[in-house]
Amino acid sequence: MRRVLPVLAVAAALIGLWYLAVIPMNIHAALTDAERAGAVVTPATAKERRDAGAIGLVVKNPAQIGATFSQERPRLPTPDQVAVELWQTTVEKKITSKRSLVFHGWITLSATLLGFAIGTVAGIALAIGIVHSRVMDMSVMPWAIVSQTIPIIALAPMIIVVLYSVGVQGLLPKAVISAYLSFFPVVVGMVKGLRSPALAQLDLLKTYNTPQSSVFWKLRLPASTPYLFASLKVGIAASLIGAIVGELPTGAVRGLGARLLAGSYYGQTIQIWSALFGAAILAAALVSIIGLIERLTLRRMGLSV
Amino acid sequence: MNQVPVIEANALNLTFETNDGPVHALRDVSLAINKGDFVSFIGPSGCGKTTFLRVIADLEQPTGGQVSVNGMSPEEARKARAYGYVFQAAGLYPWRTIAGNIRLPLEIMGYSKAEQRERSERVLKLVELSGFGGKYPWQLSGGMQQRASIARALAFDADILLMDEPFGALDEIVRDRLNEELLNLWKRTQKTICFVTHSIPEAVFLSTKIVVMSPRPGRITDVIDSPLPLERPLDIRDTPEFIEVAHRVRDGLRAGHGDDV
C-alpha cells in the first residue's frame, strides 16, 4: 500500500490536470454547439470567438463548461471518454472485428515480437563478435551508433518500399523496422555485459588453461545476464514503437499504427487517444513480462534474493 | 639429500613501458624454491612480489632471464596445470554455489561428474567448509569465501599453490585462524606454496623461507631460511626465535628502502 499510494497520487494529479485542460481546449466547439442550440454566448458570433483566447471564453461562458466534457469530436477528449472507448473496443467488441482494439493490438504485437526476436538475436550475435574480434569492435560499433541517429520515421518507408520490390510484404517489413530499433540496446548492453568480468576472473581461467569457448559459456555469458535483461526491457519497448511506425507510411488498415492514422484522417481524437493508451498498456505489459522473467532467472542463478 | 628446485628463477628482469618511462618491476631476480617449501614474499607495494608470482604463473612475460616451473617454461607449466592460483579477492562466481565454484576448474579440465563431486567434497572438508557446498557466495563471510577459493585451487592435483595476498582483506582474528589452517593444510598435502604478503608476523609464522623484496627497481634484498620448527602453534609468535626472525625481516625491509624513508 505504501508503494501504491504515491503512484495513485501522481496518477490522480495528472488526471485532474487533464480534466482542467479539456475545458479551454474544447470551449470553442462547445460554444458553437450552444449557439446553434439557441443559447446566449459571449461573444455572440463564431467569427468573433475565433481569435478570442480560450481562457477568456471559459471565464465569460461558465455555463458551457459542462459541455466541454462531452464533445462528439473533442480537440482533447476527457479521460473517461478515452476509458469508455477503450472498454468498448476491447471488451465489448468481438476480437475478430475490425473495430476491436484487441484485433489491431494483436497485429502490432505479432510484428513487435518477431522484430524483437530478430533484433535480440542480431544484437547478441553482434555483441559476441565485437567482444571477441578487435576488427569487429572497430568497424561494427560506429555503424551501430550511426544507425540509431537516422530518424526511423524517415527510414521506415524506404525499408517497406525496398522489401516490397523484392516481394516481401506483410508482417516481415514491420518486424524489420522493429528489429532495427531493438537490436541497438541489446548490442550496447551485451557488449558491456560480456566485458564485465574483472581481469582477475579472466586470469583465473587462464591459469586453468581454459579454451575460449569455455570462457564464454562459463564466465562471459552468465556475467552478462543482468545486462541482457536491462537491454531487453528497453529493446521490447523500442520494438513496439518500431512496429507502430512501420504501420504509418504504408497507410496500413490494420494495427495500432493504422488506428492512429485513421483516427487522424477522420478527426476521431477519442480513437487516437485510445489507440495511444492501448499501445502504452501493451508496452507496459511487455516490459513487466520481461521484468518477471528477469526476476525468475536471476533468482534461479542465485544473483538476487 | 640434493633437492631439485621446483621453481627456479635466473637473473629475471621485467620492465613495464609506461607513459612516465620504464618501470623496473623486477631486476635480476634469482631464486630457487624446493619441493615442499613454504615461501613467503614480503615487501612494500611496488616491490614486484605479485609480479614475480604472476611471472611464475605465466600471467606476465619477463623481459629478460629465465624461469622454470617443474623443469618446464611457465607457459608449459600453466598448460600442464601445474599450479593453483589464489587471488587477493576470492573471486567466486556469484551465480554458482560454493560446490559449483569448486567444480569450475574440474569441469574445464574434463573430470567426470562423479569425480567432480568426490573432489569438491574432499577439498571442502580440507578447508572446513563441509555442509556449505550448496550455499551461494553471498551467504558466506569473507573468510569463508577465501577458504572456498583456496579449496577451488586445491581441487585439481597441482603440486604448487601460488597465493597472492589471500588474507589481505580479512581482519586479524580471521587471518590468524586461516594462517593456522593453511599451515595444517600445507603439512597434510605436502604442496609447495608461494605466498605473497604485507604482514611480517604472517610471513614469519607460515614460512620455511622468507624472501624480502624492495621497490624501484623490484629486487630481492634478503632470503631467510626460517630456523623455526615445523610444528607451530599460534603462541610461537612470542618466542625469542620468532621475534629474531621478524627483526631480520624488518631490517631487510628497511635496508631495501635505502634513502626513501
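Trainee: How many aromatic pairs does the structure hold over all chains?

Mentor: Please keep in mind that this is a predicted model. Counted over all chains, the number of aromatic pairs in it is 14.

Trainee: Which kind of pair do the rings of B:Phe38 and B:Trp186 form?

Mentor: A pair of aromatic rings is described by the distance of the centres and the angle of the planes. For B:Phe38 and B:Trp186 the centres are 5.6 Å apart and the planes stand at 80°. Planes over 60 degrees apart count as edge-to-face, so this pair is edge-to-face.

Trainee: How many residues apart are B:Phe38 and B:Trp186?

Mentor: B:Phe38 belongs to strand S3 (residues 38–42) of chain B, whereas B:Trp186 belongs to helix H6 (residues 172–189) of chain B. Both of these residues are buried, and their pair links distant parts of the chain, the separation being 148 residues.

Trainee: Is strand S6 (residues 160–164) of chain B enclosed or open?

Mentor: In a regular strand the side chains alternate between the two faces of the sheet. On one side of S6(B) lie B:Ile160, B:Leu162 and B:Asp164, on the other B:Leu161 and B:Met163, and all are buried. Because five of the five residues are buried, the strand is largely enclosed.

Trainee: Which residue stands opposite B:Asp164 in S7(B)?

Mentor: S6(B) pairs in the parallel sense with strand S7 (residues 192–197) of chain B, over five bridges. In S7(B), the residue opposite B:Asp164 is B:Val196.

Trainee: And which residue stands opposite B:Leu162 in S6(B)?

Mentor: Strand S5 (residues 83–86) of chain B runs parallel to S6(B), and four bridges join them. The residue that stands opposite B:Leu162 is B:Tyr85.

Trainee: How many disulfides does the structure hold?

Mentor: A disulfide needs two cysteine sulfur atoms within 2.5 Å. Over all chains the structure holds zero disulfides. For B:Cys47, the nearest cysteine sulfur is that of B:Cys194, 14 Å away. B:Cys47 is also buried, with a relative accessible area of 0%, and the number of disulfides is zero.

How values were computed
Residues are numbered from 1 along each chain as its sequence is written. Chains are lettered from A and ligands numbered from 1 in the order in which they are written. This is a predicted model: local features need pLDDT of at least 70, side-chain atom pairs count only at pLDDT 80 or more; totals for chains, interfaces and linings use all residues. Side-chain values use heavy atoms; hydrogens and water are left out. Buried means under 20% relative accessible area, exposed over 50%, partly exposed in between (1.4 Å probe, protein chains only). Rings of Phe, Tyr and Trp (its six-membered ring) pair if their centres lie within 6.5 Å; planes under 30 degrees apart count as stacked, over 60 as edge-to-face and the rest as tilted. Helices (H or I, at least four residues) and strands (E, at least two) are DSSP runs, numbered from the N terminus. Two strands pair if DSSP finds at least two bridges between them.
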